[in-house]
Amino acid sequence: MIELLKPFQRFSVWVRILFGELTNNIISLIYLGVVYFALWHFPQTVDLLLILNQADAFLLEVPLYFTLLTTSAFLIWNIPKYTYYHNYKDIKVSNFIGFEPNQHYKFQQNKLNMPYAYVTRVHMRKTVPRILAILLLLISSLAILNAMRLFELKNVYTQNLNPDMLLLFFSVLFLLFLEPRVYRKIQSFFLRLPRVNLFFLGVSILLILFIVSLGSLNTQAEKDLGKLFVSNFALFLLFFILTFNSLSFLNIFPRKLFYATVLLLGFTILIVFLIFNFFPGLSTEINPLSILIICLTSIYMICFILILIGKKIKLPLLTIVFFLGVLSNRFIYIHSDHYNLEIIKSNTTERQNIEDYVYNWVASREEKILNHDKVFPILLVSSEGGGSRAGLWSFLVNSYLYEESDGKYFTDHLFSLTGASGGSVGNSMFFAEARAKQIDGIKANFRQSFTANNSILKYKASTIYKQNFLSESLLSLLGRDLFKETTSLFTFKNRGQLLEDQWKNSFNVSFSTKQNLLDNDLNYFYALNKTNSLYKTVPPLLMINTTHTQTGNYNVISPVKFRHNSFFGGIQDFTQYLQKSYPDGTIALSTAMRINASFPYVTPVGEVKNMVNGKSNHSDQYADAGYYDNIG
């Protein structure tokens, strides 16, 4: 009976030790969890995987991304060694760079007659960090395959491979590697091969050449996504071979230089991260996926520093800092104005009722309607959400219809523009330019100049949306805004305001406007001047939507009033509600666009302090219109 129970006892011991070692590597485990969520289940980053090897806006996109992933994997593999007692007790500032964190191996007994629990603990201590590092590269590789399947891109890889099953298969395989007896059997099998070291060296060289050759064959086409997946998978295999043959590698490569290089790379990434937080505009030159890895690796390095210092001074420093951060966030955030929307003075607080607006819109076109030889088209546009893709699509469609109709699409037939999230941003940019030119009495030009550097793009909308709008937001989310929320120190623009600035700068460059049109409030485009006949043609109705997060109510930012109309039951008038606290206040068009398209986490909610008797009562929060529906 005792013999029959031994396998179950060993399994129980194995599971207990595994959870203990995972606890020792909890920061690495969290790192992997965040990367998995971001690359597999976060829509914007999944989109970016599909264009990682296609866009030419950033320098060395794929090599930089692969280098950062590999550096992170080296850190996950080696950083935990520094936190063991026999290592950190001898670490000093003077010998930190170049210190060999292998002293704990000297006190381990690898005899076969040792108790199973001891042998398993010693084995897992070496193996768990390696496997977590390998999993990082595996997750990033299979994420590309997963993205291709999600977007139904048919190729030999998506038709024959399932990313979820592959991830499960390798996870189970790596769990087998954590059992010392199974691992020894696998190891002994390979050691019996003749010249096994030369074999693995040859395979490693071939993998490196394979990755380089696939990169050189990249034509930035959709079909090359398969090559990107294969190259990342080859990188995973290369790192797998390296980690489980590290002794042979370190017999050739000086150990002190190896550990010094790993640490210096980690600290270099941390320094770059800090520089970017002081100058966030620099991050726009780097792909958002690389920015994500830079941020996560930097946070990992900060945690490592806190753990190491805590070990030296015998205090759980990381835990203390974490709970202080949570507590400070709880008490500081209530009084923080970091995410408050900027309230500006309205051009006019007078707004027509929607019935009067409809009547005036038709009346201003009465002659054209009567003289039209066929049915007079009246167009109502509603654009779906979907980030930058939706914004570009709606902007392009509007631009095409405007140019093909010689402007009549906007001046004669377009009644209203609405939408949600990204689609509404594209509508708003189109409206701002078309209406401004209508006021000036000239036709707008949405086509790209043939002399422009990027004249391959036919419309200016493509130039605007070619810009990198995500890197700054990701950087701020995981950097400066996170710091602000937990400390309330310093004053700087939040990531939502930075996004507005990017929109305005890109818009101004493309349309060469003399003023920042997007800085004006919505009523600016509807101000009536009866002495100028150009104002008598009532422009299309632009309605920008957002969601009140505390109640879930749909809010509309509009140049007209509609609350008395039963057709708009349940919809809140943002401007009317805002002006209860700020009688002549409103928000800029760019701000309205932002709270309409505040994608969860990446863009923060916009807050408005609700004022009662001149005192702040509470904050109303406004977020993406897509929470309510995705068409406006």
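Reply: In this predicted model, the side chain of tyrosine 339 makes a polar contact of 3.0 Å with the side chain of arginine 495. A further polar contact, of 2.7 Å, links the side chain of tyrosine 339 to that of glutamate 485. Tyrosine 339 and glutamate 485 are 146 residues apart in sequence, while their C-alpha atoms lie 9.8 Å apart in space.

Tyrosine 339 sits in a loop, the one between helix H15 (317-332) and strand E1 (344-345). The relative accessible area of tyrosine 339 is 5%; the cut-off for buried is under 20%, so tyrosine 339 counts as buried.

The second topic is helix packing. Helix H24 covers residues 495-511 and packs with helix H20, residues 421-440. The angle between H20 and H24 is about 45°, and their axes are 12 Å apart. Angles under 35 degrees would count as roughly parallel and those of 65 to 115 as roughly perpendicular; H20 and H24 are therefore oblique to each other. Their crossing is right-handed. On the H20 side, the contact is made by Val425, Met429, Ala432 and Glu433. H24 contributes Trp503, Phe507 and Phe511. Sorted by class, the contact of H20 with H24 has six nonpolar residues, one charged residue and no polar ones.

Terms used
Residues numbered from 1 in each chain as written. Predicted model: local features only at pLDDT ≥ 70, side-chain atom pairs only at ≥ 80, totals over all residues. Heavy atoms only, no water. Axes fitted to C-alpha atoms, helices over the stretch in contact; angles between N-to-C directions. Helix = DSSP H or I, 4+ residues; strand = E, 2+ residues; numbered from the N terminus. Parallel < 35°, antiparallel > 145°, perpendicular 65-115°, else oblique. Left-handed = near helix turned anticlockwise from the far one by under 90°. Contact = heavy atoms within 4.5 Å. Nonpolar A, V, L, I, M, F, W, Y, C, P; charged D, E, K, R; others polar. Buried < 20%, exposed > 50% of the residue type's maximum accessible area, 1.4 Å probe, protein only. Polar contact = N/O pair within 3.5 Å; in protein donor to acceptor, adjacent residues only side chain to side chain.
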